[in-house]
Amino acid sequence: RKILADELPGAQVIVVSNREPYIHNLVDGPDGDEVELVVPASGLVSALEPITRACNGTWIAYGGGSADHLTVGADDSIQVPPDRPSYTLRRVWLSEEEHEGYYLGFANEGLWPLCHIAFTRPVFRTSDWETYQAVNRKFADTVVKEARNERPIVLVQDYHFALLPRMIRERLPEAIVITFWHIPWPNSEVFSICPWREAILDGLLGSSIIGFHTQFHCNNFIESVDRFMESRIEREDAAISYGGQTSLVHAYPISIEWPPVQLETLPSVAECRRDVREKYGLADDVKLCVGVERLDYTKGILDRLRALEDLFERHPEWIGRLTLLQVAAPSRGTLPAYRQLYEECHRYADELNRRFGRNGSKPVLMVAEHHSQRQVYEVYRAADLCLVTSLHDGMNLVAKEFVAARDDERGVLLLSTFAGASKELLEALIVNPYDVTMMADALQQALTMPEQEQRSRMRRMREIVRDNNVYRWAGSMLLDAARLRKRGEMERATA
Ligand code: G6P
């Protein structure tokens, strides 16, 4: 807020994302239909929500909840968070066909597997691409409608909106458009298989700033532009000049709010431990391992089950003394790849429970349900170790949330080397999820780690997340935006 007031006075901040921060659904209640409020499982939402709250901005998103239309005013807006309104959520309505082609089709069957190395083949359909273009146009119309003047700061989020920056630039040439790509960017060889690669790059190059989590993904993006677009690249400044305009390409590692609001109302670690153990029927001497994510094939859930199996085979002393609580929020469940994963995970968990279950205790509890942020933090606080074993991940905020939840400085984090977070949280046990033996060895190390070592690792990781929190992430993007605006003004004044 201070950066906005000092460096960008009077600027209006507009966030655009596909997923909305608050979803209203109609559910069956004792007295008929009731409206239920859901905060979705999305790293993007958990990072941007505190920022939008802090700067009283406008958030434009797809209104996907079954009761969303009942809660908005005539302008399709609602003030949120519901308990302490501080910003405007403006919902955009999409037809079923639009949602299918743009979100399920092009974004999640095309771009998502294209950008993640998980060996799932991307599907590119011309009809999805056409819908993706049309939906990006629809969001551009909404941005223009919501802009109070010619010069808003528009924060475009993620792979659902690759074409939006250019569309905004054409209609609001003086806007600052900061686009953040929350997922990895592939190397130029992989990117080249996208039939509409030039159009996607052209769209993104409408941005003033394009942000990724890591320098590596920035480099991949710059290489893709270099290979497919007529542009001038100044590598030292990471600046791309294209079509008479310059875009900066920078790494801004995303993070979480510090201290997390969830901790304000949660009971002590000891109470969380007791409550979670009671809820899942775990004996006191059973170590609790947790995994928290959307049920997605990039998250390495099957790989961690393999590691568990290997651990039980080589260290049978853990049989009956270790449970993995896998919280797997349902996601994109109508797509074949996700349905298949759901079945495989449950089948594998059942098999492990048959082989290694003892006296009613199960080694794997697969809970494929949505959990509130409060419930998730309770689980983090109850755990002896947390597994983040993504095959590929932009950042992964679960790793940072787990660390933030442990103000008792206890617990061990196992973290995939293929998640952006592993470049910051060096005190985690860093693993390669493809290497089952290594993962099982790391599990053994985590389960037997002395308290003093847990404490010193956790303390260091907490300092890192505290210092590099989400306000710093947003602040550095906004500072770069302010510098760009000043430079533009100076150039205009001297021209
Ligand atoms: C990832 C993406 C986000 C997305 C989230 C949840 O974090 O980068 O854009 O919102 O997953 O996925 P969903 O498809 O349910 O919005």
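Colleague: What pLDDT does the chain average?
Modeller: This is a predicted model, in which local features need pLDDT of at least 70, side-chain atom pairs count only at pLDDT 80 or more, and totals for chains, interfaces and linings use all residues. Residues are numbered from 1 along each chain as its sequence is written. The pLDDT is the predictor's confidence in each residue, from 0 to 100. Here 100% of the residues score at least 70, and the chain averages a pLDDT of 96.

Colleague: Which strands stand at the edges of the open sheet of 10 strands?
Modeller: Strands (E, at least two residues) and helices (H or I, at least four) are DSSP runs, numbered from the N terminus, and two strands pair if DSSP finds at least two bridges between them. The sheet has mixed pairing and the order S5-S6-S4-S1-S7-S8-S9-S12-S11-S10. A strand with a single partner has one side left without a neighbour in the sheet, so the edges are S5 (77–80) and S10 (232–234).

Colleague: What is the average twist from one strand to the next in this sheet?
Modeller: Axes are lines fitted to C-alpha atoms, for helices over the stretch in contact, and angles run from 0 to 180 degrees between N-to-C directions. From one strand to the next, the twist averages 20 degrees.

Colleague: Is strand S1 mostly covered or mostly exposed?
Modeller: A residue is buried if 20 or more other C-beta atoms, placed from the backbone, lie within 10 Å of its own, exposed if 12 or fewer, and partly exposed in between. In a regular strand the side chains alternate between the two faces of the sheet. Val13, Val15 and Ser17 on one side of S1 and Ile14 and Val16 on the other are all buried. With 5 of its 5 residues buried, S1 (residues 13–17) is mostly covered.

Colleague: Which residue in S7 is the bridge partner of Val16?
Modeller: S1 runs parallel to S4 (residues 58–62), joined by 4 bridges, and Ile14 has Thr58 as its bridge partner there. S1 and S7 are likewise parallel, with 4 bridges. In S7, the partner of Val16 is Val156.

Colleague: At about what angle to S8 does helix H18 run?
Modeller: S8 (residues 176–180) is parallel to S7 (residues 153–157), with 5 bridges between them. H18 (residues 470–494) lies across S7, S8, S9 (209–212) and S12 (245–251), and its angle to S8 is about 145 degrees.

Colleague: Which strands stand at the edges of the open sheet of 6 strands?
Modeller: This sheet has parallel pairing, in the order S15-S14-S13-S16-S17-S18. Each edge strand has a single partner, so one side of each lacks a neighbour in the sheet; the two are S15 (364–367) and S18 (429–431).

Colleague: Which residue in S16 stands opposite Cys289?
Modeller: S13 (residues 287–294) and S16 (residues 385–388) run parallel, joined by 2 bridges. Opposite Cys289 stands Leu385.

Colleague: How is H2 oriented to H18, roughly parallel or roughly perpendicular?
Modeller: H2 (residues 43–54) packs against H18 at about 70 degrees, with axes 9 Å apart. Angles under 35 degrees count as roughly parallel, over 145 as roughly antiparallel, 65 to 115 as roughly perpendicular and the rest as oblique. H2 is therefore placed, relative to H18, as roughly perpendicular.

Technical notes. Contact = placed C-beta atoms within 7 Å.
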